[in-house]
Amino acid sequence: MATDTAPLSRAATFRTDDTVARVRRVRTRRRMRAADLMVVAVWLSVAVAISLWLAYGGMNQVTDPASAITALGIVTGLVGTDLILVMLVLAARIPAIDRVFGQDRAMALHRRLGRPALSLILAHAALLTVGYAMSDGSNVVAETIGFLQSKDLLLAYLGFGLLVAVVVTSLVAVRRRFSYEAWHLIHLLSYLAVLVAVPHQLSAGGVLAEGTGQRVYWLALYVLAFGSIGVFRFLVPMIRSARHGIRVAGVEQVAPGVVSLHLTGRNLDRLHTAGGQYAIWRFWTGATWWHAHPISFSAVPTATTARITVRDLGRGSAAIGRVRPGARVSIEGPYGVFTDAHRVAPKLAVVAAGIGITPIRSLLEHSPLSPGEATVVLRGTDSTQSYLWSEIGALPSMRGNTVYTMLGARPPGLATWMSAEALSRGVTITSAFPDLLRSDLYVCGPQAWTDLVIRDARAAGLREAQIHVERFDW
Amino acid sequence: MTVTTHVFNTMGTTASLRFAGPVPSDEVLLQVEDAFAEFDRRFSLYRADSELSRIATGELTLAHSSDAVRDCYRDAMMWSHRTAGVFTSHRPDGVLDLSGIVKAAAIAAAGTILDTFGMPSWVLNVGGDILTRGSINGSAWRIGITDPDARTSLLCALEVQNPRQAVATSGTAERGEHIWRAPATSDTLVRYRQVTVVADDIVTADVLATAILAGGPQWCDDILDRFDVDALTVDDHGGITASPGLREAASLILG
Amino acid sequence: MRARATILGALSSIAVFAVGWQLGADGQQSETTTSDTAAGSAPTSTVTPSADAGSSTATPAPTPSASASETTTSAVSGTFTGTSVHTRFGDVQVQITVQDGILSDVTALQLTDQDSRSVSISNRAAPILRQEVLSAQSANVHSVSGATYTSNAYLTSLQSALDQAGL
């Protein structure tokens, strides 16, 4: 079923296709360059960590197997700690990183670095114990006991234990047993673990000795990592929330289990929210204050209003629907790369399912679309999942563009993103989106369904850079 | 408590064994003396028929010598390794001389015998190397350290506290330089005349005292860093240094 | 991972390693020169001729170990700083104070931690002032440790006096 709207005259559009394409190219190139620099910075930080030891003259101290093992122990400690600091920076939700990579990719790297970082720290402890035992002519037990006598090293062991606890609870199998908040609290112990290890880094060994440039650099790294967290996860959100004074204006039941929260505030347009972005919200009522939720804007904020739409997904979210008007709201963000600014291709293909409509709606609202540029497919199992669909057709930017709806369950036993009815009619991704290979594909919906869409898109030959996915699960 | 002293000659020197409290029977004392005699028989280079002399002349090879000799050789090698060759069991002419470790090994063996017979309090002094057990009248055994310049005078006295029960002194004073010194390095501006080491066991104390004496101040620092011992040194100007554990002890005492 | 980023990262890493290596090598050289300087300025030990006129020994010759620096005939006083020594607890640099050619004080300068740490890590021997020479009786000792004596020498030794008194 297609919904056509009367096309606007061409004269009404104020940008030609060429200008738009050029702007997009420039923006993309700038983003790529920034991405490259960030990646190089990470590699460099590891190289510098090793170089700290080289500059200290570490190579000259390797004279026999025992000193070689000790030296390796020192280097693994330096590199492991550097990786941990990188992980902290990745988790700090720095806007620049978000604009270039997106929080989901930053957190994916954060998770991937966990195992090597911990292995390196473990190797650091083990190699140093063995190396010193060999050069002292004693054994690892005696050395460990000796280490434990020192206050700073005792703290370092404690930090290591905390790290192990954090990593173990982050393993997927263990994480499922905890509620998100409990898991998160344990995870925050990692900050403590990192700080507790600092005294021994500054007092044991000569690489970071007092008065050296190495020590200055190392401390600067810590300031950078913890400073980023302090600024972007605490300071900025607090200031922003205070400045905009966001409160709940009303709660609207949009569909069974789905609510839209209408928010009011001051100068909300100064948040510079792009359509398709989300923010991390905290509702200050008794039951909900300790949950923080990533929720997409379902409409682009005006100066005084904003709207977010969320699905009941558990005890925490359920409580959101019961938040009363007047409740204070604090915001962290906005974040997200699911925006028009990240487009690279001339055409636009959009697929949304269920709650995935939320960022799609604000994306489409915010995009300066020409007639015929966009094709939208709205997917739902039944009519209870068709909330906000009517708004899509009414968007000014959608004039002259096509919206398809696809209602119905998928064929049982078949892994496909389409409904049984559409499949039986021979609909494919390329038939749904006529100019797919020259389009940006924006997909949002339940995770498994989204993966199937992407699978089809890749199979059709669509490049990675043209595929944009909003995931709610990072 | 009565104090009884048993004195006997062995290994070219004199041993003084003093008890506070129960005194062992004569058989036990005899066993102790025999232990020393056994070591002397095997290791003395002053006796032509000792195993070590026979090894020196080539009549016996180390590989065919008794277990006791090979064990002692192995220990000497280990100590040589741990002191990076400063303590060495070979004379400059290449002859194997285990005298640096044998006396202490014999003292340790004697100590084991006395422990086996349950003697709680004694001090065994063999030519200036001392091993103690227990206490006297409730207070610790007090050991004096000879002044190398005046052998009938003391530099200081120290109280022996568990577990540091062994005191060994190495010096150039009495019998001349029997310490095979490692070649002097350019920064041995100061040389030691006498070194006393207090350790948990007598072999460690004896070897390290020898090593520090031979190696000089740089080695003293290194050894004190690596081993859990205390040391007091006297250099050839009469200057005295002491490690933290001995500092209070060494600066005390009159009356 | 984009190719450009990887290549750029690899190249800059190699550059960083090269700089670090060079700094390490330079640091080693400067340390050797410092140690020469320290050794050279430490006081020579033996050549002060004593003031007693009765001494008719031959002109004192410098001992081999002091030959590195020039012989002076006056004793040296002053403060000298030695090289930094890397220990697992950090770099330790020591300052010695010399009074009339005799080491009178040793201070640890560069430790990477507070003083309480220096006590726990340093088992090193430091100079102590010599008290008056003691006699065995007044010190109330039970046994005497000294360099090994022969059985003959024992007879006139302090230990034998103690042994006899003990019996």
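Because the model is predicted, local features need pLDDT of at least 70 and side-chain atom pairs count only at pLDDT 80 or more, while totals for chains, interfaces and linings use all residues. Residues are numbered from 1 along each chain as its sequence is written, chains are lettered from A and ligands numbered from 1 in the order in which they are written, and side-chain values use heavy atoms, with hydrogens and water left out.

Chain A has 16 helices and twelve strands; helices (H or I, at least four residues) and strands (E, at least two) are DSSP runs, numbered from the N terminus. Of its 474 residues, 49% count as buried, where buried means under 20% relative accessible area, exposed over 50% and partly exposed in between (1.4 Å probe, protein chains only). A contact is defined by heavy atoms within 4.5 Å. Among contacts in chain A between residues at least 6 apart in sequence, 73% join residues at least 24 apart.

Two packed helices are described by the angle between their axes and the distance between the axes. Axes are lines fitted to C-alpha atoms, for helices over the stretch in contact, and angles run from 0 to 180 degrees between N-to-C directions. Angles under 35 degrees count as roughly parallel, over 145 as roughly antiparallel, 65 to 115 as roughly perpendicular and the rest as oblique. The axes of α6(A) (residues 151-170) and α8(A) (residues 180-196) come within 8 Å and cross at roughly 155 degrees, and α6(A) and α8(A) are therefore roughly antiparallel to each other. Residues that make the contact include Leu155(A) and Leu162(A) of α6(A) and Trp183(A) and Ile186(A) of α8(A). By class, the residues of this contact are twelve nonpolar, five polar and no charged. Here Ala, Val, Leu, Ile, Met, Phe, Trp, Tyr, Cys and Pro count as nonpolar, Asp, Glu, Lys and Arg as charged, and the others, Gly among them, as polar.

Helix α2(A) (residues 65-90) and helix α10(A) (residues 213-244) have axes that come within 8 Å and cross at roughly 25 degrees. α2(A) and α10(A) are therefore roughly parallel to each other. Among the residues that meet are Leu78(A) and Asp82(A) in α2(A) and Trp218(A) and Phe226(A) in α10(A). The contact of α2(A) with α10(A) has ten nonpolar, one polar and one charged residues.

Over all chains, 34 salt bridges are found, a salt bridge being a side-chain nitrogen of Lys or Arg within 4 Å of a carboxyl oxygen of Asp or Glu. Arg24(A) and Glu373(A) form one of them (4.0 Å, N to O). Arg24(A) lies in helix α1 and Glu373(A) in the loop between α12 and β9, so the pair ties together parts that are 349 residues apart in sequence. Arg24(A) is buried at 9% relative accessibility, and Glu373(A) is buried at 10%.

A salt bridge also joins Asp440(A) and Arg343(A) (3.1 Å, N to O). Asp440(A) is in strand β11 and Arg343(A) in the loop between β7 and β8, 97 residues apart. Asp440(A) is buried at 0% relative accessibility, as is Arg343(A) with a relative accessible area of 2%.

In the salt bridge of Lys347(A) with Asp435(A), the closest N and O atoms are 3.5 Å apart. Lys347(A) is partly exposed at 24% relative accessibility, and Asp435(A) is partly exposed with a relative accessible area of 27%. Salt bridges that share partners join Arg24(A), Asp340(A), Arg343(A), Glu373(A) and Asp440(A) into one network.
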